[in-house]
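Subject: A structure for you to look at

Hello,

Here is the structure I promised to pass on. Please open it and keep it beside you while you read.

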Amino acid sequence: FVTAGHNGTILTSSDGTTWTDRTNTNVTSNHLKGVTYGNSTFVIVGESGTILTSSDGTTWDNRTSGTSNGFSGVAYGNSTFVAVGSGGTILTSPDGTTWTPRTSGTNGTFSKVIYGNSIFMAVANGTVFTSPDGTTWTDHTSSFFSLFLQGITYANGTYVTVGLSGNIFTSSDGTTWTDQI
């Protein structure tokens with residue numbers, strides 16, 4: 001397990017109960033906001049365009065993102081890493097090392113990105129964005145989502161996104177949503 005947080009904090013655990021501090025301020029002291037694993041690589045993203053990678057969760061390397069925008073989420077799927085953040089920032093990478101900017105169609109702030117049911121899904125402000133490959137994104141703007149969407153997940157055939165005011169929305173396809181509150 002790997003988790004990350006404020007001031008460049010990185011913790012690892014083999015069992016989820018005992019944690020070892022891997023923080024190295026020579027790597028970064030920026031706030032870290034997202035972690036994923038894929039292609040035998042851990043990727044952490046954070047403020048000021050921070051992207052870190054590790055093959056073992058112990059030793060971390062800084063990667064060039066090409067942006068100073070903050071990242072808030074990262075996901076892996078379909079042999080691709082996707083990082084999202086402020087200013088509508090979306091980057092993709094096949095290996096976590098080399099990153100390519102993508103057009104999101106928004107200047108809003110993405111709060112999270114996931115991969116589930118063979119698609120990437122990201123939330124920004126009151127909008128859900130989907131992509132089959134992380135490269136081309138479809139905006140699903142709806143007045144239904146009038147609140148800032150804070151998180152998103154996928155399990156058991158259902159997408160769930162939540163808003164700042166406690167709203168919970170569910171969808172089986174990522175396009176049609178039901179308000180659960």
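This is a predicted model: local features need pLDDT of at least 70, side-chain atom pairs count only at pLDDT 80 or more; totals for chains, interfaces and linings use all residues.

Residues are numbered from 1 along each chain as its sequence is written, and side-chain values use heavy atoms, leaving out hydrogens and water.

The protein has 19 strands and 0 helices (DSSP runs, E of at least two residues for strands and H or I of at least four for helices, numbered from the N terminus). Its C-alpha trace spans about 45 × 35 × 30 Å along the principal axes. Of its 181 residues, 45% count as buried, meaning under 20% relative accessible area with a 1.4 Å probe, protein chains only.

Now go to strand E17 (residues 158–163), which runs antiparallel to E18 (residues 168–171) and is joined to it by 4 bridges; two strands pair if DSSP finds at least two bridges between them. Threonine 161 sits opposite phenylalanine 169 of E18. The hairpin has 4 residues between these strands, and glycine 166 takes a positive phi near 90° there.

E18 also pairs with E19 (residues 178–179), antiparallel and through 2 bridges. Threonine 170 has threonine 178 in E19 as its bridge partner. This hairpin has 6 residues between its strands, with glycine 174 in the turn at a positive phi of about 85°.

Enjoy exploring!

Technical notes
Buried means under 20% relative accessible area, exposed over 50%, partly exposed in between (1.4 Å probe, protein chains only).
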